[in-house]
Amino acid sequence: MIALVLALSAGCTKNYEELNTDPNRLESLNAEDVKGLFTNALYSGMYCGRGVDYQYAQGFFADLFAQYSAITATFDPTDRYNIAQEWVQYQWVATYTRALPPLMAIIRETDAPEPESQILNAIARVWKVFVIHRATDYYGPIPYSKIGQDTLVVHYDSQKDIYYDLFKELKEATAIIKENISIPSYGDKDMIFGGDNSKWLKFANTLRLRLALRVADVEPAMAQQEAETAVAEGVMADLSDDAYLTVSPVNYNGFNRQSGWNEFRMSATMESLLVGYNDPRLSKYWQPAINTGKYASVRNGMNVAEIVADENSPDNTSGPSDYLLPQNRGTTPATVMYTAEAYFLRAEGTLLGWNMAGDAKSLYEKGIELSLRTWKIEDGNVIQAYINGTSLPAAPGGYFDTPALTDIPVRFSSDPEEQMEQVQTQKWLALFPEGHEAWASIRRSGYPKTYPLIHSDNPNVPADEVIRRIPFLNYDRDRNAEAVEAAVALLDGPDHAGTRLWWDIK
């Protein structure tokens with residue numbers, strides 16, 4: 001049995017109290033209890049099964065900023081870059097009071113030489129990297145190295161330092177998983193891979209590849225080394241490697257939960273690409289408008305008068321497909337990472353001159369194929385017709401007479417710059433509905449092209465620019481003010497939504 005002593009040091013700020021005490025007041029846990037903590041960390045890390053957590057943490061922010069969806073609720077200003085901190089603080093709470101406490105406890109108490117402890121430790125460290133990279137890509141500097149320590153001020157780390165440590169964590173964790181690949185891990189408490197360590201190894205390497213591409217502009221040499229190592233070690237390659245979080249009526253899919261409230265619709269960016277390309281995923285992602293039977297979108301950044309216009313009403317625009325509606329919230333698994341992404345990342349790396357074990361065209365086309373197959377599009381003729389398609393994005397028209405988004409087809413171009421746009425655009429389509437990663441990808445690469453907002457309420461981010469980050473939260477200023485004020489110096493600019501993150505330099 002693994003003894004898990006959860007009594008940490010008593011000295012802490014109010015904001016991080018949960019990192020220093022077990023919420024159930026237990027003094028020790030056995031091995032099965034440790035595995036149960038991991039289950040909690042998985043659900044919390046994906047904002048699943050906690051009321052409005054997903055909508056407030058992601059749906060009203062990253063999903064909109066990625067232009068997967070656009071708001072049709074008059075009360076919500078976030079689609080106009082108005083940062084409602086009382087909502088986005090749910091992301092912070094989910095990270096620092098729900099996901100990290102069990103992870104930090106597992107990692108600390110399984111830091112032992114026995115293989116049974118080592119494998120639990122390594123997989124928990126991989127999930128910690130996943131949770132932390134999503135958080136730092138929201139804000140930039142965040143508390144990282146000092147969490148859980150006996151201190152009255154929990155200092156923030158620079159994003160550069162965080163990323164360097166995330167790579168170290170993945171390097172060490174993957175080595176441990178490889179060495180202990182046959183040792184039982186979390187079993188049926190692992191709600192993503194069911195205790196399959198080989199899947200976790202591929203996931204970790206793919207996460208390492210994702211982060212390598214993230215820093216490709218700011219740390220090109222390190223990025224290439226990390227990416228090539230990840231590919232050589234083995235990334236996700238088959239549909240069976242897709243990472244989903246199993247849900248239930250209790251721990252339900254947060255995206256599905258929010259879908260029934262008629263507060264968002266398909267974005268014009270989505271319509272231009274999906275309709276113009278005759279994309280077979282269109283009906284998998286969205287459904288025709290109730291009144292017209294046609295697919296119709298709305299623009300991001302509408303004001304109240306425009307939202308209530310008849311043409312933009314919920315009954316005249318496209319909401320999520322049945323698969324993504326609330327009645328399936330307990331059965332539709334939550335997307336963690338698709339195998340298709342690994343192929344698009346490798347295609348991008350190849351365009352940068354890295355050794356990604358394949359050529360850009362083949363990797364790009366394989367990524368498209370796997371994305372379509374992920375969404376149950378199995379007909380080979382349909383898949384090949386899409387891959388070789390020469391149609392261009394459509395003009396959504398509608399209330400704002402919106403033009404076509406861009407002029408690239410799906411069929412792989414001979415022009416290097418068009419190739420990069422194609423890879424990033426198809427990756428964006430394939431990532432749906434995972435707006436966290438989609439927004440980060442847009443900020444770093446500039447692709448896919450997105451429509452300017454109709455209106456921006458944010459003086460620091462004009463309507464024709466992409467929002468770069470979430471400002472530091474008042475939630476933490478109220479509990480950890482000295483650290484938050486010091487963290488501003490870790491930014492390359494003022495603490496507002498127009499300041500770029502460390503890796504966002506292109």
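This is a predicted model: local features need pLDDT of at least 70, side-chain atom pairs count only at pLDDT 80 or more; totals for chains, interfaces and linings use all residues.
Residues are numbered from 1 along each chain as its sequence is written, and side-chain values use heavy atoms, with hydrogens and water left out. Local features need pLDDT of at least 70 and side-chain atom pairs count only at pLDDT 80 or more, whereas totals for chains, interfaces and linings use all residues.

**Helix 6 and helix 8**

Helices (H or I, at least four residues) and strands (E, at least two) are DSSP runs, numbered from the N terminus. Two packed helices are described by the angle between their axes and the distance between the axes. For helix 6 (residues 115-139) and helix 8 (residues 197-214), the axes come within 11 Å and cross at roughly 30 degrees. Axes are lines fitted to C-alpha atoms, for helices over the stretch in contact, and angles run from 0 to 180 degrees between N-to-C directions. The two helices, helix 6 and helix 8, are therefore roughly parallel to each other; angles under 35 degrees count as roughly parallel, over 145 as roughly antiparallel, 65 to 115 as roughly perpendicular and the rest as oblique.

Contact means heavy atoms within 4.5 Å. From helix 6, Ile119, Ile123, Val126, Trp127, Val129, Phe130, His133 and Asp137 meet Asn197, Trp200, Phe203, Ala204, Leu207, Arg210, Leu211 and Arg214 of helix 8. By class, this contact of helix 6 with helix 8 has 11 nonpolar, two polar and three charged residues. Here Ala, Val, Leu, Ile, Met, Phe, Trp, Tyr, Cys and Pro count as nonpolar, Asp, Glu, Lys and Arg as charged, and the others, Gly among them, as polar.

Leu201 also belongs to helix 8. Leaving aside neighbours within four places in sequence, Leu201 is in contact with Thr174, Ile177, Lys178, Ile181 and Gly234.

**Helix 18 and its flanks**

Helix 18 (residues 435-445) is mostly covered, with 11 of its 11 residues buried. Its buried residues pack against helix 3 (53-59), helix 4 (62-65), helix 6, helix 8, helix 14 (339-351) and helix 17. At the start of helix 18, a side-chain oxygen of Glu434 reaches to within 3.1 Å of the backbone nitrogen of His436. Gly446, with a positive phi near 85 degrees, follows helix 18.

Two cis peptide bonds are described here. One joins Phe432 and Pro433, with omega about 5 degrees, and Pro433 lies in the loop between helix 17 and helix 18. Another joins Tyr447 and Pro448, with omega about -5 degrees; Pro448 is in the loop between helix 18 and helix 19 (474-487).

**Individual residues**

The table lists relative accessible areas, where buried means under 20%, exposed over 50% and partly exposed in between (1.4 Å probe, protein chains only).

| Residue | Relative accessible area | Class |
|---|---|---|
| Thr402 | 3% | buried |
| Leu201 | 13% | buried |
| Asn262 | 37% | partly exposed |
| Asn278 | 61% | exposed |

Thr402 lies in the loop between helix 16 (380-387) and helix 17 (416-431). The side chain of Thr402 makes a polar contact with the side chain of Arg299 at 3.0 Å. A polar contact is a pair of N or O atoms within 3.5 Å; within protein, one must be able to donate a hydrogen and the other to accept it, and residues adjacent in sequence count only if both atoms are side-chain atoms.

Asn262, in the loop between helix 10 (254-259) and strand 5 (264-266), has a positive phi near 55 degrees. For Asn278, phi is positive and near 50 degrees; this residue, Asn278, lies in the loop between helix 11 (268-276) and helix 12 (282-285).
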